[in-house]
Amino acid sequence: MLTERVKEIFQEIEQFEVATKEQLEQYRQRFVGRKGVVEALFEGLKDIAKEERRAVGQELNALKNFAIDRFAVIQAEFEANDSGSSGPSVDLTLPVVPNQLGSIHPLTLARAKIIEIFERMGFSVADGPEIESDWYNFTALNFPENHPAREMQDTFFVAKNAEDPTQDMLLRTHTSNVQIRMMERQKPPIRAIMPGRVYRNEAISARAHCFFHQVEGLYIDKNVSFKDLKDTLYHFSKEMFDKDVKIRLRPSFFPFTEPSAEIDIWLGTDTEETYRLSKGTGWVEIAGSGMVDPNVLANCGIDPEEYTGFAFGMGIERIAQLRYGVRDLRLYSENDVRFLRQFEGV
Ligand code: DAH
């Protein structure tokens, strides 16, 4: 009997239409209030046989909760719609707030492009430590003991080693340390690029910073020649800048390469920008390079009679400057959103 009645009330609640405040009050009185139909059923519980009382009690509680929950929902709807006006509570005439799009840092963009080009030529990507020993940063790379790069005013030393100066610890001044680590670890053929951050003890200005980024390149195998170096960097320049790019190799010196060359690309002097960048010559340097010095190969346990190779190192800031026209090195690390936002969607 009672169960029948419970079912009826369930149905009644479901079908009870509440469109006005009065109807809401009626609902409350009938199904939630102390004098309502649900409470009345609880009164009847005491007349139920003891064995059944528990089960029926549970049914009644379910009904009661159903009525209360439904009341809460309907009431919330009323309150939301009753905020003074009868229209929706958003003002559709206001201008939209635009989506805040993030942007990728220009150095990250340039690095990704460099990696992409070299990966297509079969170079893998390697990484090495920024806190490095003298051995990997200088000595294994054939720097003589008294080379000016080892001066305190050029390099940040972290810890001196009184017994063995090749174990002095420092912030690497270039990514060439990773060359040594690769050659020690891996037998030729080796074909890899090694991007990373480097540090120099420089006064910060538009043209110099105490940290910047490089990509090192290394290719060691049998019969690798200077022509391979030239071809590789020419192809890179075409992909990076323009298919009609002109490059030149200018004789230079690095302790770890022999012969050594600086790679320049032709900008011309047509605009004030290119005149300034090339210091009036039309050429701007993008990388140092050369054939890996036999002493360096030997330092890494590679037989210079059997293997040859080339190496290069380029500054990522410079590449980004040429691609995006960034005039001041400091902009890269100041985190000024007015600068960073200009790369949205690049
Ligand atoms: N390590 C040099 C620098 O920081 C750049 C460089 C020059 C790297 C020639 C090389 C290289 O691997 O062969 O100025």
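Buried means under 20% relative accessible area, exposed over 50%, and partly exposed in between. The views below come from a predicted model.

**View 1. Arg250 and Glu262 join two strands through a salt bridge.** The side chains of Glu262 and Arg250 meet with an N to O distance of 3.8 Å. Because Glu262 belongs to strand S8 (residues 257-266) and Arg250 to strand S7 (residues 247-254), the pair ties together parts that are 12 residues apart in sequence. Arg250, with a relative accessible area of 29%, is partly exposed, whereas Glu262, at 13%, is buried. Salt bridges with shared partners bring Arg248, Arg250, Glu262 and Asp264 together in one network.

**View 2. Arg150 and Asp134 form a salt bridge between two buried residues.** The N to O distance in this pair is 3.1 Å. Arg150 sits in the loop between helix H6 (134-137) and strand S3 (157-159) and Asp134 in helix H6 itself, so the contact ties together parts that are 16 residues apart in sequence. The relative accessible area of Arg150 is 15%, and that of Asp134 is 4%.

**View 3. Lys222 and Glu306 pair across distant parts of the chain.** Their closest N and O atoms are 3.4 Å apart. Lys222 lies in the loop between strand S6 (211-221) and helix H8 (226-240), and Glu306 in the loop between helix H10 (294-299) and strand S10 (308-315), 84 residues apart. Lys222 is partly exposed at 44% relative accessibility, as is Glu306 at 38%.

**View 4. Helix H5 covers residues 106-120.** Buried residues of H5 include Leu107, Ile114 and Phe118. Gly122, with a positive phi near 90°, follows the helix.

Terms used:
Residues are numbered from 1 along each chain as its sequence is written. This is a predicted model: local features need pLDDT of at least 70, side-chain atom pairs count only at pLDDT 80 or more; totals for chains, interfaces and linings use all residues. Side-chain values use heavy atoms; hydrogens and water are left out. Helices (H or I, at least four residues) and strands (E, at least two) are DSSP runs, numbered from the N terminus. The expected span of a helix is 1.5 Å times one less than its number of residues. Buried means under 20% relative accessible area, exposed over 50%, partly exposed in between (1.4 Å probe, protein chains only). A salt bridge is a side-chain nitrogen of Lys or Arg within 4 Å of a carboxyl oxygen of Asp or Glu.
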